[in-house]
Structure formats: structure tokens, C-alpha cells
Amino acid sequence: MNNHSSLKRPESPSRNKIELLSADWRARSVQEPQPVRRPRAVIYARYSTSNQDEDSITRQIESAKRYIEKIGAELVMPADRFADRALSGAYIVTRDGLNDLLSSVARGVFDLVVVEDADRLSRDLGHLGELHRTLEHHGVELHASMRGKLGLAEIAMYGFLSAEQRAQLKIRTKAGSKQAAEQGRAPKGSIYGYSSASQGHGYLVVNVEQAAIVHLVFTMFDEGVPVRAIVRHLNREEIPSPQGKQWSAAGLRGSAKDGSGLLRNHRYKGVLFYNRTETRRHPDTGKRTLLMRPEEDWVVVEVPEWQIVDTALWDRAQDRLAKSGATVRVRASKKHDQLLPGRIHCSCGAAMTSVVKHSAQGRRLQCSAYVEKGTCSIGHSVGQAYVERNILRMVRDGIVNERTVEAFEAAYRDEARRLAADVEAERATLEAKAIKLDRDIDQTWDKTAMSGFSIERVSGWRAKWENELADLRERLKCLPRLDRLPKADASGAATLRGAMSELILRIPSPLQSADDQRLLASIRALVPRVELAFAKGGRGYTLRVDARLDGLLPAAERTPAVVPVARLLEAAFGPTQWGRMADPDRRDEVTKLAQARVHGLRDHEWQAIAHIFDAIDLRAVRARDVVDAALFHLRTSTPLSKLPSCYGHPKTVRCALQRFVGAGLWHDAVDELGRLHDAVVVAGDRTAFDRWKAGPDP
Ligand SMILES: [Zn+2]
């Protein structure tokens, strides 16, 4: 295997040490002292459902900005720094902006958070209370641009109101869709193939252009064109998809379970189902699942004027869908959990998806843009388990090794020490200035020293210096706390290395246990992204692994980079080799066993049989090695063609062994060894190579 591994360290520009301190602190150390400090504000914004959009975020931010100006505060971070898009308010687990906000609270860089209203933070009362407690604990106030400062009582009330409103909203949509169904109107938003009619909301007419596309898709499918080829055709012709983007195979084929997919849509044959499915959300993860309602709840209406595809054609399409395995095949097997789901990318940028081409081959990785949309031309695939093992090996040897870990820890500690020295120097300067100012202020009360100056002048100085002193004290308070600097304890690395080696031998396998899940989390923290570039003709591939050294630290210590943490690991691999001996780790293990001659002859055993082989002149290889190799092959099931090189070249060894067997020497030797009391031979060794006697070499 062609395996050039290289470890590239991105250049780190020699940064001014001061830059490593928080931006806020830097700003304060260069700013002119200000007499009165304005409260520092940040904004949190969120929109949740599909009918709200980017405008909603802009509106929330504008209103928050006006509010901040009104109360005389100062916006200290970019207005959209903490914004969550298209996430529901009821669940906080997946909201990056909010999590970012919460982790910034502890740093004490702002005094108040402005939201449009309480329900932007969370619609769950419990969460709201928790969030408020967290903010309060760090002395941060919560303000709503619509209402002003929010205390716990207000939060409880508004939180309750929005939960109530939410429940009402749900009832309203359900009732609305039933009513619309009974009036022959479309219950949901726009539907591909139709446009809104002038009668008003929900009334539809056939859109001639889109209907032609629907008809084309059904006809092509009926003629036996594979779904993927249809998708490629549509994308090549640059026909916009129902979502206005690119077409995908999943979008046409959908799933039999929930009746989704263009080819399964009843509307196109003029039959409408209402109230057939509902979306439920998991209370913890917030993930949506589409569920089929019981049939008696369905509302079925025939609307012949909406028919685009004739009934026979539509029915034939359903038959073909049922025969072709019904659903998108990529989900065929779940036995092997992906090590890095969504993180391995094709060189076109799209994620690689896990596909099953043939059940005997196991899962393979293939570009999702090629499989689903036909927009990528790289159709090669590669065994997922091989790629995962290669990535693990690269990360284990390139990152999770003693030398790298020690160098990283040392760099981290050095930087922390330098930082500490800078902070101490700054503190000393500020304190000296403060002492001098204090003395100057004292002097202004000294009548003799101040004689000759007017009272107004003296009190003017005093006021100015007192302001300066107050500001100095504030700046002293804002210096970073040294006990908060990261400690860089990567002591878990050795254990992680062992666990990774063990995992390499186990892949592919389900990774369900709690230990496995923890291990996966550690590995994913180290590897945010991998690029897989196929060599010409798909023979072999190159892996570029973006690794992060701070993934070695406990999660709590992963502070914004103090030292450079990104590493690029790159290695090229030849075409996948099959069989157990293709795995480098297994090969290493076997080689070690062979070198230790665990299964080899002991000296007195060899002396007992050495004379048997005198008759044959082997030249390139020693007779004792050939016998040892044969025993090793029998004990470890290592194929003769893959024997470790310590026995000599596998072909030569095999040739010599064949000559031994042909001349009857192998039988003689095994018999002789059998007569020794503690000999290494077992039953079966004698006849193990008899196949070579029967006829020509297989
Ligand atoms: Zn691609």
C-alpha cells in the first residue's frame, strides 16, 4: 500500500501577545478613560418556523438595536453574533447561538442581553427559568425590546402565555386544514404543478409549465429510466425543483412509509388526501418524525380538474416503485454505525453518503451529490470500513502520539505563562498609575500646595482625576483572571490511543455501548472534517484529515485557541486490498508473532530433522525457515502468499515447501518430530499439504 503520511503544521503568524487577550480587554487598555461606563449589551435573535424568514431576524435585531439606544446602553458584539435560524423555541439542545451566548456569559464581557420577547429565548417555562438563573448568577440582565427588563415574575408570565398561544396555534392549523379540505382547497402551502387561483388563499389551478415537468417525470419513469438518470436530466436542463434548487432522487422517489415523493403524490391523478400524516417532535432532541394517521381519520376528495397524470400511468408508477425496493436504498442496513457521519466530503464539497451496492461488499462511501442529484461527476465508491480504519490510523499516529501531545501541552503552557506575565505587567502599570492619581487627588485638599489656584480650577482637576481613578480601578477589575487560563491536560491521550487501536480492529461493527459512544465523541472532537479525493480512474484515493489538537483536552478546557490547534493530515492510499492481511495493524501483529518465532521449531527439534532436508539444495532460502513458515501458516491461518518477510520471499518459501512435499520430505519430518516427546507438531500437520501431491499445483 502506498501510504505517504505527512504532518503539516499551519503557519502561525507571530501574534502580538496582547492579541491573545479578549478583544474586550484589549479595547479597554487602549481606550481613553470614559467618565461614565455605559452598560454593555448583546442581542439574541431567533426564528423558528418556515413561514418566518431572514427578515424576522433582521426585524428582531433592528428592534433590539433601537431599544439599546433608547436605554443608553452600548452594543458590544456584532448584532447577529448570537442568532439561531429555523430552530424551534421549545428545544435548546441544538441551538448553537444560544449555547454560544451561554458560554460567553461567564466571561463577563456584557451586562445585558436584549431579545425581542422572552419566548425568543425559549418557549419552555423550565428552560426560561434556568436561562434566567444562569444570567442572574453572572450578573447579566435580561431585557425584552418590547417590554423592558424581565424579572423572574415577568418571565413566568410571558413564558406561560406563549405556551398557551402555541397550543392554540396547533388547534387552529388542524381545524383550518379540515375546513379547507371540505371546501376543496389545498390545506398547506404551494404544491408543485399548481399555482394559486384568484379565488383566494388555498384555491389552486394547474400550472402548465410545472405540470409538463410532472408529466415528463412520470413518463420517463414509466419507460424504465432510472430515477437517478431522470434527476440528472432535470438538473442538466436547469429546470428548477419544487424547492427552487436542484432535483434529488429522494425527492422523486420519497418513501412508502409516509407517502412522500413526487412520484407518489396522489394529487397528480386528481385525488386528494387530507389529514393523512402528522409531524411529531421528540421532546428531548426536537427531531421531527412524520407519522401516518389511522385511515378513518383521512379525508379523501376527488378533484378531476387537478389531474395531471392519467390514472393508469400513475398506477404503473406505483407498481414500479414497489418493485424497485420502495425506498431510497441507502438506508438498507444499519448494522454498522458510521464513525464520522456527515464529516467525510467528496472533492466536489458534498458529503459522502453511505450506500450498499451489494450485500456481500458491505457499506461503501459515495458522493451524495452524485447519488442523489447527479450534479457531481465522481461516481467512484470505496469501502467505508477501509476509509474509517485509515482515518483512525492517521489520527492516531499523527495526533494522538506522545510527541505531538507533549509538544502541544508545552506550547499551551508557554503561551499561558507569557499571557500571565503580560497581565501582571499591565496590572503593575495600572496600579502604579492609580497610586499616583490617589496622591494627586489628596494634594488637591492641601490648601498650601494649592494656594495660587482658584477653587474652581482645583475642584475641576479633582473631578477629572477621580474619574480617571474610577476608570483605572474598573480596568484592573477587567484584567483576565489567571486561574481561568487553560491548563492543557491531555493526559487522556494514551488511553485514547489504545482505544482507537482496539476500535480499528473492530470496524465495521455497531457502536452502541456507552463506552463506544464516549469514544466516538472523543474522535469526533479531534476530526471536524475529512476530504476524500479519488485518484484517476478510482484506483486509490487521498484522505485529507482536518484534525484539531484541542480535541485532546477535556471539553471544558477547549477555550478559544491560545495556540494553533489545527493540523492537516494527508495520506494517499492505493486500491483497497481484500482479506485479513490487507489491514496494516493486523499485518504488524502477525509480523511480530513471526519474528518472535512463537510457532517455530526449537533448536533440538530442528537438529532432529535437519538431515532430512540435506538432499535438496534450496539456495535462496534456509530449510529451517521453510519448515517454520509452514508451521506458522498452519497455526495462524496466514495465507502462504502473505507470510511475513522474515521467512524469506513468500513465493520462494512456497516453492521450496512444494518441493519438500513432492519429495515426501514433509511427511518424514513430521513423523520424526512426532517421535520427540515435546514436539510442536499436531495431528493434521502430516497431511496438511497433501493436495500438492495429487496433481499439478492449483
Ligand atoms: Zn462529489
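Reader: Which elements cover the buried residues of α17?

Author: Happy to start there, keeping in mind that this is a predicted model. Helix α17 has buried residues that include Leu519, Leu520 and Ile523. What covers the buried residues of α17 includes α12 (384–398), α16 (493–506) and β19 (541–548).

Reader: And which are the buried residues of α17?

Author: An α-helix has 3.6 residues a turn, so residues three or four places apart point the same way. With that in mind, here is the list for α17: Asp516, Leu519, Leu520, Ile523, Ala525 and Leu526.

Reader: How many Å apart are the end C-alpha atoms of α17?

Author: Helix α17 runs over residues 514–526, which is 13 residues.

Reader: At what angle do helix α7 and helix α8 pack?

Author: Helix α7 covers residues 208–222, and helix α8 covers residues 227–236. Their axes lie 10 Å apart, and α7 passes α8 in a right-handed crossing. The packing angle is about 145°.

Reader: How do the residues of the contact of α7 with α8 divide into nonpolar, polar and charged?

Author: From α7 come Ile213, Leu216, Val217, Met220 and Phe221, and they meet Val227, Ile230, His233 and Leu234 in α8. The division is eight nonpolar, one polar and no charged.

Reader: Over which residues is the pLDDT below 50, with 64 contacts beyond near neighbours in sequence?

Author: The protein chain has a mean pLDDT of 78, and 76% of its residues reach 70 or more. Where pLDDT is low, the predicted coordinates should not be read in detail. One stretch with pLDDT under 50 is 326–334, with 25 contacts beyond four places in sequence. The stretch you ask about is residues 1–35.

Definitions and conventions: Residues are numbered from 1 along each chain as its sequence is written. This is a predicted model: local features need pLDDT of at least 70, side-chain atom pairs count only at pLDDT 80 or more; totals for chains, interfaces and linings use all residues. Side-chain values use heavy atoms; hydrogens and water are left out. pLDDT is the predictor's confidence in each residue, from 0 to 100. Contact means heavy atoms within 4.5 Å. Helices (H or I, at least four residues) and strands (E, at least two) are DSSP runs, numbered from the N terminus. The expected span of a helix is 1.5 Å times one less than its number of residues. Buried means under 20% relative accessible area, exposed over 50%, partly exposed in between (1.4 Å probe, protein chains only). Axes are lines fitted to C-alpha atoms, for helices over the stretch in contact, and angles run from 0 to 180 degrees between N-to-C directions. A crossing is left-handed if the near helix is turned anticlockwise from the far one by less than a right angle, and right-handed if clockwise. Ala, Val, Leu, Ile, Met, Phe, Trp, Tyr, Cys and Pro count as nonpolar, Asp, Glu, Lys and Arg as charged, and the others, Gly among them, as polar.
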